[in-house]
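I opened this notebook to record, entry by entry, what I looked up in one structure.

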Amino acid sequence: MLSRRAAARRRGAVLPVALAVLGTASLVLGVPDSPAQASSRTGASTALGSRLTAANFSDPAAADRPWVRWTLAPGATTAELRSELREMAAAGIAGAEIGQGSFPSTGQLAALYETANSLGVTLSLSHGPVSAPDGFSIDDDQARKQLAYGARTVAGGTVFSGALPKPSTSNRTTLVKVLAFRCSGTCSADGQNSLDKDSVVDLTSRVRGTDTAGVGGGTTTGTLAWSAPKSGDWELLAFWSTGVQAQPDLLTTAGTQVLTRTMDQQFASIKQLMRTNGGDFLYDSHTADRGSPTDTWSNSMASDFRHATGYSLTDYLPLLVNLPSTGFGAATSAFQFDTKTSAKFRNDFNQVRTDLWLDNHVKPLKQWAKKNYGYAVRLQPYGDNGAAVDSIQAAANLDRPETETLWFGDEVDNYLPEASANHMTGTKWYSIEGSAALNQAYAQTLQDQVVRMNKAYAGGVTKLVYHTYPSDTGDSATWPGYSLFPSSFSGSWGPRNPDWAADAKAYNDYFARNQLVLTQGEAKTDVAVYMQNYVYPQPYTQGNLQYWSDPKLSEAGYTRDYVNPTLLDLPNAKVRNGRLATDGPDYKALVLDSRQLPVSAPSRDSLPLATAKKILGYAKAGLPVVIVGDAPSGVPGIDAQGDKDVRSVVAALLKQRSVHTVEDEAAVPALLGELGIRPSAEPATPGPIVSVHRADADTDFYWLYNQGSVISAGEPATLFDPDTTAKAVDTDITLKGRGTPYLLDTWSGAVTPVAEYTTGRDSVTVHVSLAGDASQVIALTTDPRRFTTGRTPKTGGLHVVSTTADAASFRSDGGLAVEAAKAGTYTTRLSNGRTVTTTVGSAGTAIDLTARAWSLDVQDWQPAAAFGTTGAAATRTDKKNVHVDLDALTPWTGIPALKDTSGIGTYTTTVTLPQSWKADTGARIGLGQVTDSFTLSVNGTTVPTPDQLGATADIGRYLHAGKNTVTVRVSTTLINRLRTLSSALATRTAQANGLVGPVTLTPYTVTRVG
């Protein structure tokens, strides 16, 4: 019979468990820091979200800037690495993660910390001694372990006599249990076997011929004589623990102590430099990098499991071992009981493993890092093959949760679970390893990076960590230098690439401004969707899987978070005035979705009893609860009484007036509308705009993204974006909030008051125009002083409500104006009730510059030494000058002299404007297709960085009557040159580099209103 404490645990309650961890106080299983604790974490995380002003938006601080994963070549010199740090800082990079590739010596680290500290660059350490002590043995008593097995089929009525069957491994094995089960059918020699759980016979006590050479004095050998019962075939199973990684265990405090003790020894001489730097330790997603546990055993697993669940693990051991597996995707279990029992046990085990990992490893590691080094712990908590942990629970317990584009394939939905934890805890750091793309080495453009980061930002990410930035020189590396992935994964970022060398600073400013916006105040989200997951299938292996698969909710403008039992146990998970977590995301409704994918692990119709009771309380307090499909009918784990109790609670839940049911996800947005629940960013008509809403005391920030589909022809095989089917969108959008709207240009850093908008009781409606896959930021503020610029309106709050002209704007003197590309009479309605009629003349017709004469001067980047040369000479680039006169724009691949060229090209043409051209005439230039990064100048003056996706700019102020010079400088990737040199890259598609167009110049009149 279960104790009350064990039963409570199995039904979803939280048990306080005293753990003597590295001399710290007792910890509570599975419970994250409170929001107040989360906001006081160490390092750059605490600097995130500094109050946004016009000044720091124009020039973002280091805390808001991107990082890089810096992969060091074996033998890289200290002088070279110091130089690379200076190059990073100049390019707008504020952090460098060291460890993947070659881990530097302690002496080198000291030099790098000194340089980084002088530059204000944060250093992160990963891999190497951060994961395992040097020389640590996989056979150590404290090594990470898995449960392995040996099997023999014994026919009913026959005798087995001999050595215990053992797994195929050369590592030390220690006997755990010997069990026999009758097969439900015929026992298979190499496939999955179905076993009769109730037939189990424990034969461990009958083992003879043992020794004491195993872990903790256990046996590594043994013999058995046993007569199988007569009925059916039997599977004799000997279970053994064996080392799975040559690393200290991450499910026990003893293993964590081994790791931290050896790290202290390793870093003793640079401890103060590290503390001054305030960086972090990174654990990558792969289980080999400790990002999440696939471990199925530990020295105390049996007792830990019984303590947590109230029942013994012994009879369920067959469910913890797998058939041999290769490649990506979940492994196949070697044995099954009946389907329901197997699934429920694995849910229990996965929860226990999650708790043990967090409580015995992650939490003490965080405390140790902060206390000893002033460092944070950054971790990717979703794992790879065999990892089954609750990522939301993990993220809620991390200083710095991280995700990646590679596994999650640019699916916005798949970034949301970790982001949701941040939204509830108040943590602002959510980084992404971006943007590895298979088979796109040296081919991924900076524009691709923008598209992929926009998708990540839409999913709640707040920090870019480039994958990867390699050091220059490697003994065996050929041009353009060392790379950990010279022909497979992108990217090898850095000044070896023409686009990075020319424009990295502008792009990193763009990313920094977005990240500054996305860490303001608190996240505000429309709807909470319940999710308890132990397996997060990656689109990489699952074909672009989305947890919420119907697009209508997003198209209607609703944002969503995923909340699990951990988040609903937080102190701020209370209902006030019909809202959940008003001190946080301020959810307007909670959805229980039985249609959610994946359909199991655990089943979508299960709820822990404590969570079910909590949701019933929410409904009674007036929170709208929507049940999609089947209502919950049991607990996730093995607990028959818990199943009955959940059904009773759910029956009461369904009787509440605030609870509503729909058949599928597609019906949810209409129901929400009927309930009067509106999205905080509501488009005039359903469409592709995705929003992120952040709010502080006086300003609502809306980050808006025109999402293109990510399911393009090459995915998920290549995971390469952008999807060129993304279309521009023009629509009105109603934003919750009050005050004056401002447009925050994340490319140029300009903050501009919006001249045309309407106001509601608690809303502002503005017009939004976005290129495909582009983003935009609009802020509603009751304190315009934070955005004071040279174009602050001086109209006493007067603005345009509507106009038949093309647009309205504020003039340089603060007055209102309307803009029109055609002559005519236009009507403008003002916010004071007046209607003004304005007659304007023609500013001139649009000018197509595509077929004009252009002068093109190109730096053709090639290896200075013969391709195949290695060492320092391989890093040197010869930049040959090529001049081409064009009669019309065309990609470089269509120009014989440039067909295989990578580099930097400067285009120049002239435009003659009539003498009637006025100084205040406006003009917009559209550049059409440009690959890759570009700058624009007019008559020798550089135009502030244009939108690199929309490729448009307002250049009227730079033009004059007569002859005008327009210059476009374009920088490319290296793939077009490398594909002609490297056999490994020869099959890659050539990119249509250069300014392709169409290029058009459209004049318009700017006329003062009234």
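Entry 1: I began at D586, which sits in the loop between strands β23 (579-580) and β24 (589-593); helices (H or I, at least four residues) and strands (E, at least two) are DSSP runs, numbered from the N terminus. Its phi is near 60°, a positive value in a residue other than glycine. D586 counts as buried, at 17% relative accessibility, where buried means under 20% relative accessible area, exposed over 50% and partly exposed in between, with a 1.4 Å probe and protein chains only.

Before going further I noted that this is a predicted model, in which local features need pLDDT of at least 70 and side-chain atom pairs count only at pLDDT 80 or more, while totals for chains, interfaces and linings use all residues. Residues are numbered from 1 along each chain as its sequence is written, and side-chain values use heavy atoms, with hydrogens and water left out.

I then looked up R290, which has a positive phi of about 70° although it is not a glycine. R290 is placed in the loop between β13 and α9, and with 0% relative accessibility R290 counts as buried.

**Entry 2: aromatic pairs.** A search of the whole structure gave me 33 aromatic pairs, where rings of Phe, Tyr and Trp (its six-membered ring) pair if their centres lie within 6.5 Å, and planes under 30 degrees apart count as stacked, over 60 as edge-to-face and the rest as tilted. One of the pairs is F267 with F281, which is stacked at 6.4 Å centre to centre with 20° between the planes. Because F267 lies in helix α7 (residues 253-267) and F281 in strand β13 (residues 280-283), this pair ties together parts that are 14 residues apart in sequence. I found both F267 and F281 to be buried.

F305 and F345 are both buried. I also noted one aromatic cluster, formed by Y466, Y469, W493, W500, Y507, Y510, F511 and W747.

Entry 3: What does R977 touch, leaving aside residues up to four places away in sequence? I listed W479, D860, W861, Q862, D900, T901 and S902, with contact meaning heavy atoms within 4.5 Å. R977 lies in helix α22 (residues 975-978) and is buried, with a relative accessible area of 13%. From R977 to S680 I noted 48 Å, C-alpha to C-alpha, for two residues that are 297 apart in sequence.

P324, by contrast, is exposed, with a relative accessible area of 83%, and lies in the loop between α9 and β14 (335-336). The C-alpha atoms of P324 and V938 are separated by 64 Å, and the two residues are 614 apart along the chain.

**Entry 4: the whole chain.** The secondary structure comes to 22 helices and 52 strands. Along the principal axes, the C-alpha atoms fill a box of roughly 105 × 75 × 55 Å. The radius of gyration is 31 Å, which agrees with the value near 30 Å that a compact globule of 1010 residues would have; this radius is taken over C-alpha atoms, and the globule rule is 2.2 Å times the number of residues to the power 0.38.

I recorded that 59% of the 1010 residues count as buried. Of the contacts with a separation of 6 or more, 79% are accounted for by residues 24 or more positions apart.
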